[in-house]
Amino acid sequence: MSVKPDIVLCGQLDQHTGFAWHNVISFLELTSSAHSAQLRRNITRKAYAVFMSQPSRRFVVALSLARQEFRLHIFDRSGAIHSLGHSLHRAADLFTRIIYTLTFGSPDVLGFDPTFVDPTLSPSILYRPRSAPALQMSRAIYVRETAYTVLRHIYVSHLIRGRGTSSWLVKKGKKHYVVKDYWTHKGRKHTEEQILVKIKGLLGVSQLVEAWTIQTEGADEMTDWLRPAFLVGNTEFETRLHRRLLLSPVGDPLVQFHSLQELVSIFIDIVQVHFVLVDVYNILHRDISINNILMFICATRWAAATHDQEERENVIAEKKFRRGLLIDFDYADVLNAGKQGVSSGDRTGTIPFMAIDLLREYNSPSKDFTHTFSHDLESLIYVLVWICILYQAPNEIRSDRTIEQTCLKHWALAKTSTDIRHLWDQKVGQLSTRSVLSEFTPYFEPLKPAVTRLYKLIQSSCDSGDKSILNHAAVTEVLMDAFNTVTEVSCGAKNAKRTWQRLQKEPAPTGSRYYSEGPNARRRVM
């Protein structure tokens with residue numbers, strides 16, 4: 001990152017790369033001016049750089065010194081704590097103790113995760129339960145008392161405050177898994193673990209292998225323990241619980257599809273899975289976004305209720321298409337009576353993909369607002385639009401313009417209340433003008449008719465107030481028509497070619513099960 005610290009505390013520097021945020025333990029911000037909001041913003045940006053470079057970091061401690069007055073700053077997933085100012089001369093002993101602790105304190109006291117072994121970090125940490133064997137010095141992450149070798153980092157949340165989700169591709173023996181590490185809101189009525197246990201056995205969703213609430217000195221690790229007693233329970237600081245999930249199967253990012261037909265097929269899979277979640281399990285996902293839809297290789301043939309669906313299964317088997325995988329159920333909830341939606345009073349989702357109703361309610365939430373399945377389907381449509389505008393081929397960001405030069409600018413940059421209102425206005429306008437279509441890259445031109453029909457469904461649903469117009473059957477019909485008629489466009493993408501060659505070596509799907517075997521397995525399709 002471009003930000004640079006004034007004084008930094010770190011371990012031994014790499015001889016070739018020199019300073020890097022990856023090695024930062026703590027830092028000190030110096031200024032000859034008085035303490036100000038700008039100073040806090042500078043410190044926050046540097047704390048952000050630490051979190052982005054160290055995805056396993058639990059919290060960051062920093063110091064500021066402004067006009068001989070020092071303050072302590074702590075950043076974690078519940079926000080930031082800034083101490084009162086102390087005179088460097090009158091409180092020299094306190095300042096000395098802080099420096100001593102930052103220099104000689106144990107790694108876990110400095111914010112490093114003792115359950116994540118990373119020899120490349122400074123200081124290096126080695127956690128090992130009594131029952132676990134000694135590890136070689138390679139990156140590893142623990143789920144309870146089992147260590148999994150880390151192959152690579154998959155995802156990191158780009159926010160300090162919030163869930164702070166990090167995902168890692170790991171292996172144990174010959175099996176590969178995904179470890180999801182995150183800080184969930186303690187007051188959540190239904191946890192992700194409970195949701196995943198309920199839907200265990202359903203193809204097309206993450207399967208829970210193991211769940212763990214991280215322990216600190218025998219107690220559940222929460223953000224409260226960093227806060228002074230008078231701040232615990234303060235409504236400005238939500239209590240967050242450190243959780244870790246071991247999941248399978250391992251999926252690929254949605255944008256790594258190899259053809260338009262495979263992309264459309266994956267969206268059909270997600271619609272079908274979403275329908276089963278709602279109709280069979282009474283579960284509403286509530287956070288459909290591009291990061292929560294993956295693709296995975298599935299050797300099981302999904303059941304088909306119609307001739308068209310059977311034909312699609314034949315195409316998938318012949319061309320060895322990957323299947324859609326819906327992940328991240330942290331915001332999922334149980335439907336209310338009548339399966340109409342979730343009336344929790346909170347607005348959930350990822351802002352760029354939020355439904356118009358959710359954006360309207362964002363700044364002035366009403367307790368009786370209901371998040372329905374149609375809002376999730378609307379979000380799914382926005383994911384497709386996002387890909388068609390931002391990408392010029394499979395796994396290739398468009399090169400002729402940046403996202404700020406497209407109509408997605410307000411989608412991607414909306415943060416403040418004013419930004420949310422502007423985004424709501426823009427999406428409402430785009431329903432009638434269909435202006436998004438003019439910004440599709442040439443590769444996605446064949447999908448314009450389908451997106452036009454999908455936008456008409458959203459507009460009819462919004463204009464009439466009847467959310468049932470935007471339903472699973474209607475969206476599936478549009479996508480099935482696109483699947484059967486879409487014309488492939490040559491893109492020459494090397495990544496797509498490599499993916500295609502890899503898939504040809506996989507066995508073709510056999511059998512006919514929509515659900516995998518499991519305690520909750522049931523045979524049901526749309």
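Select asparagine 282 to begin: this residue sits in the loop between helix H4 (260-279) and strand E17 (283-284). Helices (H or I, at least four residues) and strands (E, at least two) are DSSP runs, numbered from the N terminus. The phi of asparagine 282 is positive, about 60°, although the residue is not a glycine. With a relative accessibility of 26%, asparagine 282 is partly exposed; buried means under 20% relative accessible area, exposed over 50%, and partly exposed in between (1.4 Å probe, protein chains only).

A word on what is on your screen. This is a predicted model, where local features need pLDDT of at least 70 and side-chain atom pairs count only at pLDDT 80 or more, while totals for chains, interfaces and linings use all residues. Residues are numbered from 1 along each chain as its sequence is written, and side-chain values use heavy atoms, with hydrogens and water left out.

Next, go to asparagine 395, in the loop between strand E21 (391-393) and strand E22 (396-397). Here too you will find a positive phi of about 60° in a residue that is not a glycine. Asparagine 395 is partly exposed, at 29% relative accessibility.

Now select serine 248 and proline 249 together and look at the peptide bond that joins them: it is cis, with omega near -5°. Proline 249 belongs to the loop between E15 and strand E16 (252-253). Its relative accessible area is 28%, so proline 249 counts as partly exposed. Show its surroundings and, leaving aside neighbours within four places in sequence, you will meet Val205, Phe296 and Leu325 in contact with proline 249; contact means heavy atoms within 4.5 Å. Draw a C-alpha to C-alpha line from proline 249 to leucine 325: the two are 8.8 Å apart in space and 76 residues apart in sequence.

Display side chains and you can find a polar contact of 2.9 Å between histidine 242 and aspartate 181. A polar contact is a pair of N or O atoms within 3.5 Å; within protein, one must be able to donate a hydrogen and the other to accept it, and residues adjacent in sequence count only if both atoms are side-chain atoms. Not counting residues up to four places away in sequence, histidine 242 also touches other residues, including Arg58, Asp113, Tyr182, Trp183, Trp212 and Glu221.

For the next stop, select Arg286, Ile288, Thr348, Gly349 and Ser379: of the 13 residues lining the second largest cavity, whose volume is about 60 Å³, these are the closest to its centre. A cavity is a set of points, on a 1 Å grid over the protein atoms alone, where a 1.4 Å probe fits but cannot get out; lining residues have an atom within 4 Å of a point. Colour helix H7 (residues 373-390) as well, as it supplies the largest share of this lining, three residues.

Finally, zoom out to the whole protein. How many helices and strands are there? The secondary structure comes to 12 helices and 22 strands. Of the 526 residues, 52% count as buried. Among contacts with a separation of 6 or more, 68% are between residues 24 or more positions apart.

Definitions and conventions
1 Å grid on protein atoms, 1.4 Å probe; cavity = no way out; pocket = protein on both sides within 12 Å on 5 of 7 lines; lining within 4 Å. Points joined across faces, edges and corners; volume = space filled by probe spheres on them.
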